[in-house]
Amino acid sequence: MKRIALYLLALASCFAGIAAADEAAPVVKPVSFYRQVRPILQRHCSGCHQPAKQGGNLQLVTYDLFKKGGENGASFSAGKPDESLIVKQISGTKPEMPLNSDPLSSKQIDTIRTWIEQGGTDDTPAAAKDDISAEKPPVYTSAPVITALAYSPDSSLLAVSGYHEVLLHQADGGALVARLIGRSPKITSIKFSPDGTKLAAAGGAPSLFGEIQIWDVAKRELIRSDTIGFDTLYGISFSDDGSLLAYGTFDNRVRAIQVADGKQVMSMEAHTDLVFGTTFSLKNDHVISVSRDMSMKLTELKTSQFIDNITSITPGALKGGLMAVQRHPKEEQVLIGGADGEPKLYKIFRTQARQIGDDFNRLRGYTKLPGRICSLQFNADGSKFVVGSSNATSGAARVYKTDTEQPLAELKGNTSGVFAVAFRPDGLQVATGGLDGLIRLFNAETGALVKEFPPVTITPSVAAQ
């Protein structure tokens, strides 16, 4: 009996030892490059290491380029995280990378270390591999949906959003003159600086990163790429002196940065939904923003303090989210548009105490367009503006005189949603673009169609035999 008891005790100790060993060495799950490592590189590193801006001759936008490394050698050694260059650069009390940015978290570093330790393999789906660059520009089998347009201040260029790029055309549609290819697959907003020397683009990759690109227009070179957050950015606007850039974010914020170095100078969080548009006040001391939360808000630039709801805050006063805003070129007034299809003109600053139910700052409403307004822009002196809209089946665009509620001209020929419009600074033409991927140029006074063209070369796909 004593012998049996001793046997059972030894057996129990054996199982206890196994259990303790299991607790001490938990099973480590495989780390995915595509789902776990790639997002870290995209959000924190690829702004400086991409085809348009190859810091250290290194690109981090694909697995193959990451593995290849740069001027300092291979990025990692499979199975050997402690000998891998990237681990050395992102670790320590003062890590070398990311440059001029917050260091990676310990969890992010551990993810990269574990992935390398497990062999550093690539599990990127074939359909998701993307090596677009200036050497391998996008190839279009159909015209891209156009989400943004902008004329240069001298009326010589028309910038058009594309896939991973901004296309620079002659303003009359005569020729494509440049392709500014970056890493954001989606470009949502384009603006030239007031002096025309720079072009800023906002966009990103949904659920992966947001990006602000700033380009040298004459050199066709990327000056800087700022990665911000983990989703697409919207509604960029320059201050009148070109030193600041405001934009809206997916996480309900309005931010402003210095164009020279990307340093943030303002952040406002009073919106409760995605911010689609921004503009500066006439004195450039405030930022006005519009959001899907059905409000237009005023923020003091210097303090980041939310000052006022410019629109009414009475429930039901606005019939849906706001998507577009621009300040009048010469007055402290803003033009807005959104889900109800009605362009509206507001004064920016309140001159009497708010009353429940009032919409005191509203100056004028204009004849509604079908669907929701997606884009609008004043002409150079603010006497006219162009608006584009979209609904489930079609779109519309019109030119209005600012002091008249009825439209000056219908821009006929847009058979699908109009997502982008632009007023040429010389006042002679307006441009529209949208779902069908065609640029249409119209006479700004009569609305007559002047030219229609796709912004890219279309290469029809050929079915595999």
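Which residues of α5 are buried? The model is predicted, with local features requiring pLDDT of at least 70 and side-chain atom pairs counted only at pLDDT 80 or more, while totals for chains, interfaces and linings use all residues. Residues are numbered from 1 along each chain as its sequence is written, and side-chain values use heavy atoms, with hydrogens and water left out.

Helix α5 spans residues 106–117. Helices (H or I, at least four residues) and strands (E, at least two) are DSSP runs, numbered from the N terminus. The buried residues of α5 are Gln108, Ile109, Thr111, Ile112, Thr114, Trp115 and Ile116. Buried means under 20% relative accessible area, exposed means over 50%, and partly exposed lies in between (1.4 Å probe, protein chains only). The 12 residues of α5 reach 16 Å from the first C-alpha to the last. This is close to the 16 Å expected at 1.5 Å a residue; the expected span is 1.5 Å times one less than the number of residues. The cover over the buried residues of α5 includes α2 (33–44), α3 (63–68) and α4 (85–90). Contact here means heavy atoms within 4.5 Å. Just after α5, Gly119 takes a positive phi of about 120°.

Helix α2 has its own set of buried residues: Phe33, Val37, Arg38, Pro39, Ile40, Leu41 and Gln42. These pack against α3, α4, α5, β9 and β10. The N-terminal end of α2 is capped by Ser32. A side-chain oxygen of Ser32 lies 3.0 Å from the backbone nitrogen of Arg35.

Strands β9 and β10, which the buried residues of α2 pack against, belong to an open sheet of 4 strands. The order is β7-β8-β9-β10, with antiparallel pairing. Two strands pair if DSSP finds at least two bridges between them. Strands β7 (186–192) and β10 (221–228) stand at the edges. Each has a single partner strand, so one side of each is left without a neighbour in the sheet. Neighbouring strands of this sheet are turned by 20° against each other on average, direction ignored. For such angles, axes are lines fitted to C-alpha atoms, for helices over the stretch in contact, and angles run from 0 to 180 degrees between N-to-C directions.

Strand β9 (residues 209–216) pairs with β10 over 7 bridges, in the antiparallel sense. Gln213 has Ser225 of β10 as its bridge partner. The two strands form a hairpin with 4 residues between them. Arg220, in the turn, has a positive phi of about 60°.

Strand β10 also holds Arg224. This residue is buried, with a relative accessible area of 12%. The side chains of Arg224 and Asp226 are joined by a polar contact of 3.0 Å. A polar contact is a pair of N or O atoms within 3.5 Å; within protein, one must be able to donate a hydrogen and the other to accept it, and residues adjacent in sequence count only if both atoms are side-chain atoms. The side chain of Arg224 also reaches the backbone oxygen of Val259, at 2.8 Å.

A further hairpin is made by β13 and β14. Strand β13 (residues 254–258) and strand β14 (residues 264–268) pair in the antiparallel sense over 4 bridges. Ile257 has Gln264 of β14 as its bridge partner. The hairpin has 5 residues between the strands, and Gly262 takes a positive phi near 80°.

The structure holds 17 salt bridges. A salt bridge is a side-chain nitrogen of Lys or Arg within 4 Å of a carboxyl oxygen of Asp or Glu. One of them joins the side chains of Glu165 and Arg179 (2.8 Å, N to O). This pair links distant parts of the chain, 14 residues apart. Glu165 lies in strand β5 (residues 165–170) and Arg179 in strand β6 (residues 176–181). Glu165 is buried at 1% relative accessibility, whereas Arg179 is partly exposed at 33%.

Asp340 forms a salt bridge with Lys344, with the closest N and O atoms 2.6 Å apart. Both residues are buried. Asp340, Glu342, Lys344 and Arg362 are linked in a network of salt bridges. Arg440 forms a salt bridge with Asp436, with the closest N and O atoms 2.9 Å apart. Arg440 is buried, with a relative accessible area of 4%. Asp436 is partly exposed, at 25% relative accessibility.
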